[in-house]
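Hi,

Here is the structure I promised to pass on. Have a look at it first, and then read my notes below.

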Amino acid sequence: MKMKSPRHLILIFGDQLNRDAAAFDDFDSTQDAIWMAEVDDESKHVWSHKQRIAIFLSGMRHFRDALLSEDIRVEYTQLDDGKESDKLSNRLGIDLRALSPEKVIVTQPGEWRVLQGLKKVCRDEEVPLEVRDDRHFYTNVKDFEEHAKGRKSLRMEFFYRELRKRFDVLMEDGKPTGGDWNYDKENRGSFSKGGPEGPNTGLGFRPDVLTREVLDLVDERFADHPGSLDSFAWPVTPEEAQKALSNFIHNRLAVFGKYQDAMWTDEPWLYHSLISTSLNLKLLDPRDAVAAAEKAYEDGHAPLAAVEGFIRQILGWREYVRGIYWMHMPEYIDRNAMDAQEPLPDFYWTGDTDLECLKQSVGQTLEHGYAHHIQRLMVTGLYALLLGVDPKKLHEWYLAVYVDAVEWVELPNTLGMSQYGDGGLMASKPYIATGNYINKMSNYCKNCPKNPKEKTGESACPFTTLYWDYLIRHQVALKSNHRMGLQLRNLDRLNEGDRSGITKAANEIRSVSACRTPSKT
Ligand code: FAD
Ligand code: SF4
């Protein structure tokens, strides 16, 4: 029997699990229907971590059930229900032919690839498509384009200040609360010898029946994918997301800022908020996170530096990277300003390395699908940058292995901020450092066979070797960047013998790394 054709078919993707999205405006449950689909390709186009697959599927199934409980018609494809579910566009094409809606409505997807696929299917099936702004964000793409007009460089700080004023966040009488826009200098602390106080055990949400079904499905269907499901404890409903936020505001926000850049052995979570998955799946509104932090400051529960630091991540970085993504896609993904061509070392997928900082950062990534910002930027990102890994290959890794990975936020962070692959559109200079930085910000080096102070020789730290090699290789290209002046002047102090020793040692690191690279990306 042919199903009744809906007036509007509202498409909801796995990162659009908010009931107040624009796609629901004018929704009429007597005439309209929701469409959601689980498809293999979304877990396979990059070789996704099992927890990343699980969080999206579990979030989607919970959202579907919440809609059903409102008596809303949901056309849902489950991976295990025997329907054709290889690619999103194929599934949608089949359903459009069967359902013949008058119109398809969608909130702007988070990925350029998905939006193009969607436009093509609707064109092919001759169904009108309406794409609505994503109100989850403070700003839309046009706001960012407006901000970018006439600017040579696009630094986050200026966009952030505009948004602080426009949305009246941490402002008093038109001026930034406390007198300064940015308290970053107070947010660079490292731990003393004893390390962080008390273990932070992570979020600890126990999987319910629905999530356990998903975990079993992922375990079986994606058995060869990276990572473990054992520790899965992420929020998968708006209620859990609110609890995760509240837990952070009450227990960790006050020290978040100070130790934002610090790392410690076997401490994956430290004082971070762990709300990126909730925000990116749209289980949590960023305004709730910002308001809760602001209130904690007003109530005297957290210092200004911590609160401003946290708000800057959400109101500043998160909005800014989305602007960069949509303004510069699709060509952005192919940028490779430093002509980096090395393959990604295999230990990124296995954690099998004796370099302690990488073992820790990759190990916890495989265990939990999570690493905090400095581990991503200054350990895994830095190593790939110094080694000269092709930024697109690295992008595919970051997109695959983190539970919070969605392309609009992951790509600019990886290619722009971490790899300088956009030639300085995002970062004013490459984020490069020797092993001494990691030694200062963590206790990793104490358990490592290498020595962060040494450039060459048996116990040389590869970060330190590759740092100098990076400067040697890119000396000419970076000469005109005044922010690189000090680093390049230090390079000038090295004699020819030092330089050739560094180049030889760096080439050896590269050749060993390339020999051990598998073919997963
Ligand atoms: P916290 O440290 O507690 O920060 C609070 C919130 O601020 C985060 O939840 C996040 O929503 C936001 N935020 C912080 N830093 C950034 C940033 N640089 N850009 C955008 N938002 C930010 N974040 C993602 O959400 N998804 C990704 O796929 C992702 N990939 C990254 C790849 C690289 C190479 C780097 C360097 C960073 C990446 N980030 C990504 C940014 C950041 O590392 C994560 O948002 C953060 O580690 C998530 O953990 P948390 O929720 O505990 O964050
Ligand atoms: Fe990492 Fe080098 Fe320190 Fe070892 S010595 S932990 S490789 S920074």
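Let's start with Asp339, which you'll find in the loop between H12 and H13. (Helices, H or I, are DSSP runs of at least four residues and strands, E, of at least two, numbered from the N terminus.) Its phi is near 50°, a positive value in a residue other than glycine. Asp339 counts as exposed, at 54% relative accessibility. For that word and its opposite, buried means under 20% relative accessible area, exposed over 50%, and partly exposed in between, with a 1.4 Å probe and protein chains only.

Before going further, a word on the source: this is a predicted model, in which local features need pLDDT of at least 70 and side-chain atom pairs count only at pLDDT 80 or more, while totals for chains, interfaces and linings use all residues. Residues are numbered from 1 along each chain as its sequence is written, chains are lettered from A and ligands numbered from 1 in the order in which they are written, and side-chain values use heavy atoms, with hydrogens and water left out.

Look for Asp168 in the loop between helix H6 (156-166) and E6; at 54% relative accessibility it counts as exposed.

Back in the loop between H12 and helix H13 (347-350) is Pro330. The peptide bond leading from Met329 to Pro330 is cis, with omega near 10°.

Gly174 sits in the loop between strand E6 (171-172) and strand E7 (175-176). With a relative accessible area of 61%, Gly174 is exposed. From C-alpha to C-alpha, Gly174 and Arg164 are 9.8 Å apart in space and 10 residues apart in sequence.

Asp134 belongs to the loop between strand E5 (129-132) and helix H5 (141-148). It is buried, with a relative accessible area of 7%. The side chains of Asp134 and Lys282 are joined by a polar contact of 2.9 Å. (A polar contact is a pair of N or O atoms within 3.5 Å; within protein, one must be able to donate a hydrogen and the other to accept it, and residues adjacent in sequence count only if both atoms are side-chain atoms.)

**The ligand**

What surrounds ligand 1? There are 29 residues around it, and the closest are Ser273, Leu274, Asn280, Tyr370 and Asn413. (To be near, a residue needs a heavy atom within 4 Å.) By class, this shell has 16 nonpolar, 9 polar and 4 charged residues. Here Ala, Val, Leu, Ile, Met, Phe, Trp, Tyr, Cys and Pro count as nonpolar, Asp, Glu, Lys and Arg as charged, and the others, Gly among them, as polar.

- An N or O atom in the side chain of Asn280 is 2.8 Å from an oxygen atom of ligand 1.
- A polar backbone atom of Ser276 lies 3.0 Å from an oxygen atom of ligand 1.
- A nitrogen atom of ligand 1 is 2.9 Å from a polar side-chain atom of Asn413.

On its own ligand 1 exposes 820 Å², and the protein buries 99% of that. (Accessible areas come from the Shrake-Rupley method with a 1.4 Å probe; for residues, only the protein chains shown count as cover.) Helices H10 (276-280), H12 (304-328), H15 (373-387) and H17 (407-418) each give two or more residues to the shell. H12 provides the largest share, 6 residues.

Finally, take helix H7 (residues 209-221): at 1.5 Å a residue its 13 residues should span 18 Å, and its end C-alpha atoms are 18 Å apart, which agrees. (The expected span is 1.5 Å times one less than the number of residues.) Leu210, Thr211, Val214, Leu215, Leu217 and Val218 are buried in H7. They cover an arc of only 165° around the axis, so they are on the same side of H7. (The arc is that of the directions from the helix axis to the C-beta atoms.) Exposed on the other side of H7 are Val209, Asp216 and Glu220.

Cheers
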